[in-house]
Amino acid sequence: MWDRKHLLGLAELSAGEINEILDRAAAYRATALDEGKASDKLRGARVVLMFFENSTRTRVSFELAAERLGARVTAMQMSASSVAKGECLRDTVRTVDAMGVDFMVVRHSSSGAAARIAEWVSASVINAGDGTHEHPTQGLLDMLTIRRRKGKIEGLRVGIVGDIAHSRVARSDLFALKKLGAEVVLIGPPTLVPASFTGLGAEVAHDFDNTIHRCDVLCMLRIQRERLGGGLFPSIREYCALYRLDARRMRRAKPDVLVMHPGPMNRGIEIAADVADGPNAAVLEQVSNGVAVRMAVLDILDGSRRDK
Amino acid sequence: MAELLIKNGRVICPDQGLDEPADVLVKDGRIEKIGSVAEPVKQVIDAAGKIVCPGLIDMHVHLRDPGDSDEETIASGSAAAIAGGFTTIVAMPNTEPPIDNPAAAEYVVNEARRAGLANVFPAGAVTMGRKGEELTEMALLNLAGVAAFSDDGSWVASAGMMAKALKYARLTGLPIMSHCEEPTLSAGGVMNAGALATKLGLPGVPRSAEETAIARDVLLAEETGGRLHVTHVSTARGVELIRQAKRRGVDVTADTTPHHLTLTEDRVRGYNTNARVNPPLRAKEDIETLRAGVKDGTIDAIASDHAPHAPQEKMCEFDRAAPGVIGLETTLAVLASELVQTGILTWGELIAALTIKPARALAIGKGTLRPGADADIVVIDPAAQWTIDATRFLSLSRNCPFDGMNVTGRAEIVIVAGMTKEV
């Protein structure tokens with residue numbers, strides 16, 4: 001049923017399309033972390049990783065996923081490339097495309113960059129994070145993690161806590177969760193959780209202590225210290241007092257609440273170390289699921305690519 | 001004696017409250033007579049089935065000259081104006097260097113004369129370098145031929161400086177055209193703030209960025225007695241603030257653009273950089289209030305904010321794209337199709353917003369077919385059906401959000417000071 005050439009975001013996918021990726025990812029989970037069981041489904045395919053913005057975990061995750069499907073991978077150092085020489089994005093990606101590329105995995109600081117690139121190249125484009133827009137494979141791995149740990153997604157209430165306004169993870173999670181029948185509550189100060197999110201079907205809450213007990217899942221987002229300069233919140237100390245997930249707050253939560261974090265974590269700021277390492281947390285499982293999800297995405301896009 | 005007779009047209013001159021079949025006689029570059037002309041005239045244009053009205057006036061265009069002649073020049077912009085039915089345009093001073101001194105203003109006037117197409121009035125900057133710190137030589141700029149003062153592209157952020165500018169400009173009788181955008185509220189924004197911006201992950205420009213600026217400027221105009229023109233109004237509450245100020249007797253006029261009257265923020269979907277414009281495209285409610293504002297006269301004029309950009313300025317990431325769209329060659333057809341054909345405005349109301357009303361806001365003696373006035377005339381075929389094709393523009397730029405649109409209505413013959421202009 002998948003006939004899309006690109007994966008640009010989760011907002012445009014149907015529940016069926018999302019579930020198809022999750023089902024495929026679940027099947028890959030057993031082999032995703034085992035080089036000995038690597039497949040050759042993508043043998044002969046060339047995957048180029050174009051990270052215009054620094055990333056370690058997502059880049060490595062895509063690299064391993066592609067290699068474990070038998071694809072060849074080229075990871076470009078964008079900061080050292082033509083971008084530094086003033087070449088525009090369109091010329092950069094078309095140049096690489098002209099060399100013969102099957103997949104471009106793109107991370108970029110501008111919202112919509114992946115969508116624009118998809119208009120310009122013949123390769124399949126996978127969005128690995130565009131500005132504050134979407135990070136679809138992170139959203140998918142979060143869905144896989146919830147589905148595995150909770151057995152379902154429909155009917156759950158998922159709290160996403162932190163700098164929602166500037167988070168592409170929050171958007172991808174929100175779009176996927178709504179499609180899959182979950183309720184979403186976005187939690188943080190009004191400057192980081194604008195009311196406009198209610199227009200996207202989310203509940204907006206500013207009082208974490210009086211919301212946490214209603215949540216089946218908590219996604220804690222990284223707080224970026226650079227937001228402080230913009231005056232969006234007054235201090236880390238005040239942020240921690242209101243929104244850090246620590247042992248005291250965990251006592252107000254459901255005993256089986258699932259705690260997730262897309263990483264990298266600021267231990268002691270948005271999440272306390274004992275919670276991050278505690279039995280409710282699935283932070284490393286998210287990372288493992290990430291490889292399986294990215295294998296599934298490459299595999300499914302390869303299928304629709306071959307059909308065309 | 002050079003004579004020209006335009007016969008059998010539907011003559012619309014809102015300045016005279018005229019909308020009737022008549023002939024227009026032109027003599028020596030001026031309007032001689034409107035009515036039934038029987039005497040033999042050498043040059044006759046048969047305008048049966050056509051509208052004959054004053055040449056259109058666009059009080060807000062960017063000609064990028066001096067500075068960015070790959071995007072537009074005074075000559076190419078003048079040609080685009082004529083192609084669109086505009087006989088008079090006002091060129092904004094945010095060029096490189098800016099029009100903040102009399103010699104720079106004279107350059108624009110001279111280049112326009114050399115092009116010999118449309119009347120081009122420069123707008124002079126309000127402050128030196130458009131930095132908002134030091135007034136320009138407004139009286140000397142006036143003598144050099146500017147039609148208004150504007151730091152367009154930027155708001156005069158200092159209230160004290162704006163108050164001085166409004167007061168000092170009274171020496172000239174010219175308005176201060178204010179680009180109302182409070183910069184700390186709009187900072188970083190690339191589209192209308194709201195659910196769609198949130199969904200697309202694009203930073204928004206809240207309506208309050210425009211509205212707080214309008215509110216401040218009308219208060220300053222009220223207190224100083226200065227003449228204020230609010231350009232490119234984009235929000236419903238902006239219209240309301242101007243309506244209230246006019247009711248109180250503040251000397252304020254306003255314009256909005258064809259794109260703000262017809263397009264919503266939905267055009268940004270897919271990260272369409274030709275929908276990136278400043279102020280941003282808003283929502284349906286704003287469009288409806290802007291249309292009502294034109295209808296009831298709160299919004300005096302419609303101006304294109306013709307903002308040419310080179311292809312690479314748009315073929316890029318959305319947030320790095322230069323804001324602005326071109327409009328000189330599409331304004332008439334888009335407005336005729338979207339506002340007149342649909343019954344929202346009459347031809348008379350549309351033509352008023354494109355002729356006498358901007359002329360009055362600028363205090364230039366144009367936009368009318370009164371006997372004695374400059375014979376700037378456009379003959380419009382209201383039934384001409386065509387498809388907008390940006391590749392055929394005379395403008396040097398192609399950043400048009402209306403490209404591909406099927407429209408009805410076109411300027412057929414354009415006359416400046418009695419001379420038919422071919423482009």
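Helices here are DSSP runs of H or I with at least four residues, strands are runs of E with at least two, and both are numbered from the N terminus. With that in hand, chain B has 13 helices and 18 strands, and chain A has 10 helices and nine strands.

A quick word on what you're looking at. This is a predicted model, in which local features need pLDDT of at least 70 and side-chain atom pairs count only at pLDDT 80 or more, while totals for chains, interfaces and linings use all residues. Residues are numbered from 1 along each chain as its sequence is written, and chains are lettered from A and ligands numbered from 1 in the order in which they are written.

Let's start with chain A. Its C-alpha trace spans about 55 × 45 × 35 Å along the principal axes. The radius of gyration is taken over C-alpha atoms, and the globule rule is 2.2 Å times the number of residues to the power 0.38. For 308 residues a compact globule would come out near 19 Å, and chain A has 19 Å, so the two agree. Call a residue buried if 20 or more other C-beta atoms lie within 10 Å of its own, exposed if 12 or fewer, and partly exposed in between, with C-beta atoms placed from the backbone. By that count, 47% of the 308 residues in chain A are buried. Two residues are in contact if their C-beta atoms, again placed from the backbone, lie within 7 Å. Of the contacts in chain A with a separation of 6 or more, 74% are between residues 24 or more positions apart.

Chain A splits into domain 1 (15-134 + 289-307) and domain 2 (136-286), with bounds that come from an automatic or database domain assignment. The C-alpha centres of these two domains of chain A lie 26 Å apart. Where they meet, domain 1 of chain A brings 20 residues and domain 2 of chain A brings 19 residues. On the domain 1 side, the elements giving two or more residues are α1 (15-32), β4 and α10 (283-307) of chain A. The largest share of that side, six residues, comes from α1(A). For residue classes, Ala, Val, Leu, Ile, Met, Phe, Trp, Tyr, Cys and Pro count as nonpolar, Asp, Glu, Lys and Arg as charged, and the others, Gly among them, as polar. Sorted this way, the domain 1 side in chain A has nine nonpolar, seven polar and four charged residues.

Ser122(A) has 13 C-beta neighbours inside 10 Å, so it counts as partly exposed. Its C-alpha atom is separated by 8.6 Å from that of Ala98(A), which sits 24 residues away along the chain.

Now over to chain B. Here the C-alpha trace spans about 65 × 45 × 45 Å along its principal axes. A compact globule of 423 residues would have a radius of gyration near 22 Å, and chain B has 20 Å, which agrees. Of those 423 residues, 60% count as buried. Among contacts in chain B between residues at least 6 apart in sequence, 76% join residues at least 24 apart.

Chain B is also divided in two: domain 1 (3-51 + 375-420) and domain 2 (55-362). Their centres, taken over C-alpha atoms, are separated by 25 Å. The contact draws 29 residues from domain 1 of chain B and 46 residues from domain 2 of chain B. On the domain 1 side, β16 (377-387) and β17 (406-416) of chain B each supply at least two residues, and β17(B) gives the largest share, eight residues. That side has 19 nonpolar, five polar and five charged residues.

The axes of α7 (residues 207-224) and α8 (residues 236-247) of chain B come within 9 Å and cross at roughly 10°. Axes are lines fitted to C-alpha atoms, for helices over the stretch in contact, and angles run from 0 to 180 degrees between N-to-C directions. That crossing makes α7(B) roughly parallel to α8(B); angles under 35 degrees count as roughly parallel, over 145 as roughly antiparallel, 65 to 115 as roughly perpendicular and the rest as oblique. Among the residues making the contact are Ile214(B) and Val218(B) of α7(B) and Leu241(B) and Ile242(B) of α8(B).

Helix α11 (residues 331-340) of chain B is mostly covered, with 10 of its 10 residues buried. Finally, the chains themselves meet: 16 residues of chain B are in contact with 21 residues of chain A. The chain B side of that contact has seven nonpolar, five polar and four charged residues.
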